[in-house]
Amino acid sequence: MDQAPISIVFKRKGTIIIEGAAIVRDEDGNEVPQPVAKHPGILKLCGCGRSETKPFCDGSHKRET
């Protein structure tokens, strides 16, 4: 059975958006609980390094430094 490929989009400001089911694991292989998504089926990861909820994006890239 063929599944649709997962879509991964890199935003210029740092957000990495994954569209589709995904499991996030830490370096030890443990599953990392995901925050409640505003849009089910879309996972946002931090690419800028400023998030307080790493590895997930919390919108910190939007704040001025």
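**Contacts, strands and surface of a predicted chain**

Reader: Among contacts in the chain between residues at least 6 apart in sequence, what share joins residues at least 24 apart?
Author: A contact here means heavy atoms within 4.5 Å. Of the contacts between residues at least 6 apart in sequence, those joining residues at least 24 apart make up 30%.

Reader: What kind of model is this?
Author: Residues are numbered from 1 along each chain as its sequence is written, and side-chain values use heavy atoms, with hydrogens and water left out. Local features need pLDDT of at least 70, side-chain atom pairs count only at pLDDT 80 or more, totals for chains, interfaces and linings use all residues, and the model is predicted.

Reader: What pattern does the chain follow along the sequence?
Author: Helices (H or I, at least four residues) and strands (E, at least two) are DSSP runs, numbered from the N terminus. The chain has zero helices and three strands. Its pattern along the sequence is β-β-β.

Reader: What percentage of the 65 residues is buried?
Author: Buried means under 20% relative accessible area, exposed over 50%, and partly exposed in between, with a 1.4 Å probe and protein chains only. Of the 65 residues in the chain, the buried ones make up 23%.

Reader: Is F10 buried or exposed?
Author: F10 sits in strand 1, residues 7–10. Its relative accessibility is 64%, so F10 counts as exposed.

Reader: Which residues make the nonpolar surface patch of about 340 Å²?
Author: Like charges are joined within 9 Å, and nonpolar side chains (Val, Leu, Ile, Met, Phe, Trp, Tyr) within 5 Å. Areas come from the Shrake-Rupley method with a 1.4 Å probe, and for residues only the protein chains shown count as cover. The patch is made by I6, I8 and F10.

Reader: Which residues does C48 touch, not counting those up to four places away in sequence?
Author: C48 lies in the segment after strand 3 (42–45). With a relative accessible area of 30%, C48 is partly exposed. Leaving out residues up to four places away in sequence, C48 touches K13, G14 and H61.

Reader: How many Å apart in space are C48 and N30?
Author: In sequence, C48 and N30 are 18 residues apart. From C-alpha to C-alpha, their separation in space is 23 Å.

Reader: Which residue does a cis peptide bond join to K54?
Author: Most peptide bonds are trans. The cis bond at K54 has an omega of about 10°.

Definitions and conventions. Patch = residues over 30% accessible without salt bridge, like charges linked within 9 Å, V, L, I, M, F, W, Y side chains within 5 Å. Salt bridge = Lys/Arg side-chain N within 4 Å of Asp/Glu carboxyl O.
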